[in-house]
Amino acid sequence: MNPRKVNVCTTSWLKGGLLWVSLLAPICSAFDWSLPEWLPPPPVPKNNPMSNAKVALGQRLFFDANLSGVGYVSCSTCHLPSHGFAEQRVVAVGISGDFHRRNTQAIVNSAYMTSLTWSNPELTLFEEQAKIPLFGHGPVEMGTQHHEQKVLQYFQLHPLYPAMFDAAFGPQDEISFDHILKALAAFQRTLISYNSPFDRFRYEHQEHALSAQARRGMTLFYSQEIGCGNCHSGVHFSDATTQAGFHNTGLYNMDGHGAYPEIDQGLYEITHNPADQGKFRTPTLRNIALSAPYMHDGSIATLAEVIEHYAAGGRAALTGAPSPLRDARVQAFELSTSDKQALVTFLESLTDETFISSGQHTSPFR
């Protein structure tokens, strides 16, 4: 396994007898993505090049509750490493107790996605998306808005953060949210899972990495009859890495015409195109066994129930008529009990234990 590298320009200088690193100057080093040859690094915006110092800062910020308005909610409160950077709640709960309308989406391998939320194709960069949990108010999530100066003062007076910001961005008089957002984005781009049993079988050619039952489930997953791989495609198990990737899976049909609950209409809320009602972005299936419950609203509790939803041609068909707005690829199929278990076993083989336990992805405060 040969790591891929991306050039990052840095310079070093002495400060207080210690060697610091800056992005100001002309000495170039390489950022080590430590990815296998079969997986290219994700795209990185030119105005926020990767560096080890920036990633280390972003990791600390991601797990620091002092980034929130009243100091007890961090990014990791909802995006837990142990749950594939998702959480076990049906929907997220904000700092003031407000319930979000959506299930927390796992951010693993999101750096490769063409959009970063369940249904907004306009949010394509971590640097922009992070503003929503920090400063949004519909609902309030981290509640940083109106507490900006307090938060910045905390970082400015902290015994470690000023030096970390200097190392990541060069000497500066004041810490800014622009740099906070860029550091968080750099860390999130490193949340890449690639060492599951499936990966070792498929890409590293380790024949014994998958059990016979998981291989049977893999065959079913990619079969034309079931067609899971039509949308959950490619290395990242999502077609949203190469195209828009928004689909209506027939989860609801409340009026016989495909209506979804009024609280969440999906892509339609952005485009106002009636054909987009109930369309949501295809999530990755990597580490999917860790991130229950499922769907955009957390309304399906287990992987077995997810399979039943698709086997029916959409859950709406289980209690009434299938949605006329469902994607044409969502068609009913029949599975035996043993076939269902084989599919679940395959999905469980997408769990990357090394990713979950890596110190590079967990809290630095332990």
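What follows is a tour from the whole chain down to single side chains.

**Before you click**

This is a predicted model, where local features need pLDDT of at least 70, side-chain atom pairs count only at pLDDT 80 or more, and totals for chains, interfaces and linings use all residues. Residues are numbered from 1 along each chain as its sequence is written, and side-chain values use heavy atoms, with hydrogens and water left out.

**Stop 1: two domains**

Color residues 26–192 as domain 1 and 197–350 as domain 2; such bounds come from an automatic or database domain assignment. Their C-alpha centres sit 28 Å apart. Now look at where they meet: 29 residues of domain 1 are in contact with 33 residues of domain 2 (contact means heavy atoms within 4.5 Å).

Next, select 212–351, which an unreviewed UniProt entry annotates as "domain: Cytochrome c". UniProt positions here follow the numbering used in this tour, feature names are shortened, and annotations may be inferred rather than shown by experiment. That span is 31% helix and 3% strand, and its end C-alpha atoms lie 17 Å apart. Helices (H or I, at least four residues) and strands (E, at least two) are DSSP runs, numbered from the N terminus.

**Stop 2: the greasy middle**

Which residues have the most contacts inside the largest nonpolar core? Select Leu61, Leu67 and Ile180; the core they belong to has 76 residues. Helix α7 (residues 177–189) gives the largest share of this core, seven residues. Domain 1 and domain 2 each supply at least three residues to this core.

A nonpolar core is a set of buried Ala, Val, Leu, Ile, Met, Phe, Trp, Tyr and Cys residues joined through side-chain atoms within 4.5 Å. Buried means under 20% relative accessible area, exposed over 50%, and partly exposed in between (1.4 Å probe, protein chains only). In soluble globular proteins, nonpolar side chains tend to be buried together.

Zoom in on Leu61: beyond four places away in sequence, Leu61 touches Leu67, Phe155, Tyr161, Phe165, Ile180, Ala183 and Leu184.

**Stop 3**

On a 1 Å grid over the protein atoms alone, a pocket is an open set of points with protein on both sides within 12 Å along at least five of seven lines, while a cavity is a set where a 1.4 Å probe fits but cannot get out; lining residues have an atom within 4 Å of a point.

Is Cys78 buried or exposed? Cys78 has 15% relative accessibility, so this residue counts as buried. Cys78 lies in helix α2 (residues 75–78).

His79 is in the loop between α2 and α3 (126–129). A polar atom of the His79 side chain lies 2.9 Å from the backbone oxygen of Phe85.

**Stop 3: another annotated site**

Jump to Cys228, Cys231 and His232, also marked "binding site" in the unreviewed UniProt entry. Cys228, Cys231 and His232 are in the lining of the largest cavity. Helix α10 (residues 228–231) holds Cys228, and Cys231 lies in helix α10 as well.

Cys228 counts as partly exposed because its relative accessibility is 22%. Cys231 counts as buried, at 15%.

Note on methods:
A polar contact is a pair of N or O atoms within 3.5 Å; within protein, one must be able to donate a hydrogen and the other to accept it, and residues adjacent in sequence count only if both atoms are side-chain atoms.
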